[in-house]
Amino acid sequence: MLVETMRIEGIPAPVSRIGLGTWAIGGWMWGGADDAASVATLRGAIERGINLIDTAPVYGFGHAEEMVGQALQGIRDQAVIATKAGLEWAGEGVRRNSSPARIRREVEDSLRRLRTDRIDLYQIHWPDPRVPIEDTARTLQDLQREGKILAVGVSNYSPEQMDEFRAVLPLASVQPPYNLFERAIEADVLPYAREHKLAVLAYGALCRGLLSGRMTVDTTFGSDDLRSNDPKFRRPRFDQYVRATKELEAFARIRHDKSVLALAIRWVLDSGPTIALWGARRPDQLNGVDDAFGWHLTDTEMAEINELLDKNILDPVGPEFMAPRARD
């Protein structure tokens with residue numbers, strides 16, 4: 001399979017422009033975990049040429065990292081591991097904590113769960129308003145000097161917050177939500193990344209399955225599923241997004257003989273210095289990866305897609321519901 005790659009500053013190997021996102025593999029908020037399927041999915045991604053594995057300690061109380069570590073035994077050098085720090089479990093939810101002491105604990109726990117001696121890309125998961133950004137950056141700078149992490153990134157940071165971080169330590173990447181239905185970063189984060197040559201790891205590239213093409217207006221979600229709390233998946237909005245997806249599917253078939261899933265990924269890849277994070281928890285959910293490569297959307301087609309979205313989505317909403325709380 002021919003996979004597009006790009007370079008991320010500080011990482012020796014070329015990085016695949018589709019990365020495997022492991023939130024669902026952790027099980028939490030996605031209806032539980034299947035360890036055998038998770039390992040098969042991770043190994044299947046590597047076999048397909050997807051070498052970027054994006055994970056985090058908060059995905060399933062560390063379970064996703066454990067699955068990554070187990071799956072990569074014997075093939076660690078074929079993978080680029082990206083994980084995160086800066087969130088902690090508190091009661092029944094998570095909260096932000098990017099204090100130096102917290103990051104120090106997290107990196108050691110992640111190295112142990114991942115069964116590795118270094119993390120290729122270490123990212124701060126969310127900005128913590130209670131910790132000066134320069135303190136967080138200096139902690140990662142120390143970890144970099146110690147060889148425990150290679151490149152450094154941030155997730156869910158604004159350009160102003162990235163400026164503060166970069167005053168202490170260079171950034172290699174930023175990870176924001178970005179997909180056909182959630183495009184707020186086009187106003188600030190995406191231009192900033194272009195200007196400062198940061199890789200953009202776009203999470204939610206399929207908008208939590210909306211852009212997979214598998215959903216209908218009758219699709220339902222269990223109480224332990226993240227989407228049961230997502231305003232996009234509640235009527236009347238849900239009907240609007242499903243209708244838009246159906247029209248995108250027809251557009252993809254007519255123009256390129258591709259699936260809507262392939263269109264959604266191609267759109268992300270054609271929109272900037274981007275890597276699309278593809279969430280999968282079973283090997284069959286990797287089917288269709290190949291279709292995202294070997295073609296491009298023209299400027300005219302991009303404009304037509306925008307018109308299609310404007311026509312169908314009358315009450316758009318972003319992913320703000322996912323933001324974790326700050327500490328008291």
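A crossing of two helices is termed left-handed if the near helix is turned anticlockwise from the far one by less than a right angle, and right-handed if clockwise. Helices (H or I, at least four residues) and strands (E, at least two) are DSSP runs numbered from the N terminus. The structure is a predicted model, in which local features require pLDDT of at least 70 and side-chain atom pairs count only at pLDDT 80 or more, whereas totals for chains, interfaces and linings use all residues. Residues are numbered from 1 along each chain as its sequence is written, and side-chain values use heavy atoms, with hydrogens and water left out.

Two packed helices are described by the angle between their axes and the distance between the axes. Axes are lines fitted to C-alpha atoms, for helices over the stretch in contact, and angles run from 0 to 180 degrees between N-to-C directions. Helix H2 (residues 35-47) packs on helix H3 (residues 63-71) at an angle of about 60 degrees, the axes being 9 Å apart. H2 is therefore oblique to H3 (angles under 35 degrees count as roughly parallel, over 145 as roughly antiparallel, 65 to 115 as roughly perpendicular and the rest as oblique). The crossing of H2 and H3 is right-handed. In this contact (heavy atoms within 4.5 Å), Asp35, Ser38, Val39, Leu42 and Arg43 of H2 meet His63, Met67, Val68, Gln70 and Ala71 of H3. By class, five nonpolar, three polar and two charged residues take part in the contact of H2 with H3; Ala, Val, Leu, Ile, Met, Phe, Trp, Tyr, Cys and Pro count as nonpolar, Asp, Glu, Lys and Arg as charged, and the others, Gly among them, as polar.

Helix H6 (residues 159-166) takes part in a packing with helix H7 (residues 189-196) at an angle of about 30 degrees, with axes 10 Å apart. Pro159, Met162, Asp163 and Arg166 of H6 and Val189, Tyr192 and His196 of H7 make the contact, which comprises four nonpolar, one polar and two charged residues. The axes of helix H5 (residues 133-145) and H6 come within 8 Å and cross at roughly 50 degrees, and H5 is therefore oblique to H6. The crossing of H5 and H6 is right-handed. Ile133, Thr136, Ala137 and Leu140 of H5 meet Gln161, Glu164 and Phe165 of H6, giving four nonpolar, two polar and one charged residues.

Most residues other than glycine have a negative phi, and most peptide bonds are trans. In the loop between strand E11 (199-202) and helix H8 (237-256) lies Pro236, and the peptide bond from Arg235 to Pro236 is cis, with omega near 10 degrees. Arg208 also lies in the loop between E11 and H8; its phi is positive, near 55 degrees.
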